[in-house]
Amino acid sequence: MASREQFSSRSGFIMAAAGSAIGLGNIWGFPTQTANNGGAAFVMVYLVLAFLLAYPALMAELIIGRHARANMVTSLRSISTGPLSRLLGTGIGFYGVMTASLILSFYAIVSGWIIGHFGDALLTTLGMPDAGHTLSDDSNFNSNFLGLIVFMCLTMSIIASGVTDGIEKWSSRLMPMLLLLLTLLIGYVLTQDGASDGLQAYLIPDFSDINPDLVVSAMGQAFFSMSLGVGAMLVYGSYLSDQESLPKIGATVTLVDAGIAILAGLLIIPAIYVAAHNGQLEIIDGQVQGGPGLIFGVLPALFSSMGAIGSVVALVFFALLTIAALTSSISMLEVPVSLATEETPASRKTATLIIGTLITAFATVILLNMGTLFDFIINLTTVYSQPLLGVALCIFVGWVWHRNDLLTSMQAGSDGIENTLFWTIWPLYVQYLCPALILLAFYQSLQ
Ligand code: PHE
């Protein structure tokens, strides 16, 4: 067998894992959910859950992946201890692979909208605004379909080239630029009329907004934003060398991901209030009226308020957002592709082509049935499946995996870890508390 590819450096891995984590979840999902769920209260609950539940679950995935050095299904099988847990591992693995593929199908649609806005900004800058606006019209099937196809082709071509050439190279390029542009845009939006109301809604929590449904939404958002449950981080962990300290890397990724989400909110929530101030949308009783398309109305309005330079800013912003989406989508597609290449004779290229085409076909079915399927698939995958898969993975680590193997894997790359709090607490924490807290949140929201 050919030797397995690995990330060539620690920073390459951190960039790739952060690239997977940072994406539309931060820049589209988090601000939209914050706006629809009472502002600052949601932000607070989100932050608590990111560190309390998502970080430990991320560690579970990274540790399993690096130990087993395989895709999600094979990894779970290999750490199981008998026929029953093997069956369970196989089931959880396939559920994860299916979920990753379904997530990619709606993710590619939203990314297609972004590409449409990019095309719009490009044509507008070139003096063809009418043709541009057609591209960014999200009620136009042809434009949506074109965006979807372009995005899936980009994703597939990166995955077909493998880990170091594809995944790592791409992920290492973008982060600093995205950070810089977000910061500049925040500076601009805060000078606009109405922005201070937005800032208030974003930063001053009203605790009476907190309810079980908000907690479940925040939990789903945290798992989505950190790419958890579906084996994306597990597979990335499988390409990581034994010299690296997983708890530190995991903490870095968690911090960077939460930081970018908070920054994106700092741009978009005030931008929403500026738009409301200008009569472009409505906020009733502190609730912003607008569905998944919210930021696609708000941001172009913001850019056009900038005058001539606006379309250039839009061009750069949507280009960066496309790259951010790509570094996430490649981690989704890598989940089924790694399973196929490791368990069947198919080459990486063939597997990528077949699986990518199937996912694109399914995304087209969603596009043709937006009203019924779009929200349904998002809820099914991100609100329910991801946290439940998180529970399953915690249970696997805590109850099925031989404790000695787990501890040895934790030690790799982390000298002296035996004297840390992480060593004492984390194994028990994922065994008992994580699954209990996640299930409790679901139970409460069903009441
Ligand atoms: N974390 C990504 C984002 O925030 C989405 C993602 C989910 C990536 C699941 C991989 C797996 O955009």
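Analyst: The ligand is surrounded by 16 residues, the closest being Ala 21, Gly 25, Tyr 107, Phe 224 and Ser 225; a residue counts as near if one of its heavy atoms lies within 4 Å of the molecule. The model is a predicted one, in which local features need pLDDT of at least 70 and side-chain atom pairs count only at pLDDT 80 or more, while totals for chains, interfaces and linings use all residues. Residues are numbered from 1 along each chain as its sequence is written, and side-chain values use heavy atoms, with hydrogens and water left out.

A nitrogen atom of the ligand lies 3.1 Å from a backbone N or O atom of Ser 20. A polar backbone atom of Leu 24 is 3.0 Å from an oxygen atom of the ligand, and an N or O atom in the side chain of Asn 26 is 3.3 Å from an oxygen atom of the ligand. Taken alone the ligand exposes 320 Å², and the protein buries 100% of that (accessible areas by the Shrake-Rupley method with a 1.4 Å probe).

Two or more residues of the shell come from each of α1 (10-21), α2 (24-36), α10 (212-225) and α14 (310-343), helices being DSSP runs of H or I with at least four residues, numbered from the N terminus. By class, the shell holds seven nonpolar, nine polar and no charged residues, with Gly counted as polar and Asp, Glu, Lys and Arg as charged.

The space taken by the ligand is the largest cavity. A cavity is a set of points, on a 1 Å grid over the protein atoms alone, where a 1.4 Å probe fits but cannot get out, and its lining residues have an atom within 4 Å of a point; a molecule sits in it if more than half of its atoms lie within 2 Å of its grid points. The volume of the largest cavity is about 130 Å³, given as the space filled by probe spheres set on the points. Its lining comprises 17 residues, with Ser 20, Ile 103, Phe 224, Ser 227 and Met 332 nearest the centre. The elements giving two or more residues to this lining are α1, α2, α5 (83-125), α10 and α14. The lining of the largest cavity has nine nonpolar, eight polar and no charged residues.

Technical notes. A polar contact is a pair of N or O atoms within 3.5 Å; within protein, one must be able to donate a hydrogen and the other to accept it, and residues adjacent in sequence count only if both atoms are side-chain atoms. On a 1 Å grid over the protein atoms alone, a cavity is a set of points where a 1.4 Å probe fits but cannot get out, and a pocket is an open set with protein on both sides within 12 Å along at least five of seven lines; lining residues have an atom within 4 Å of a point.
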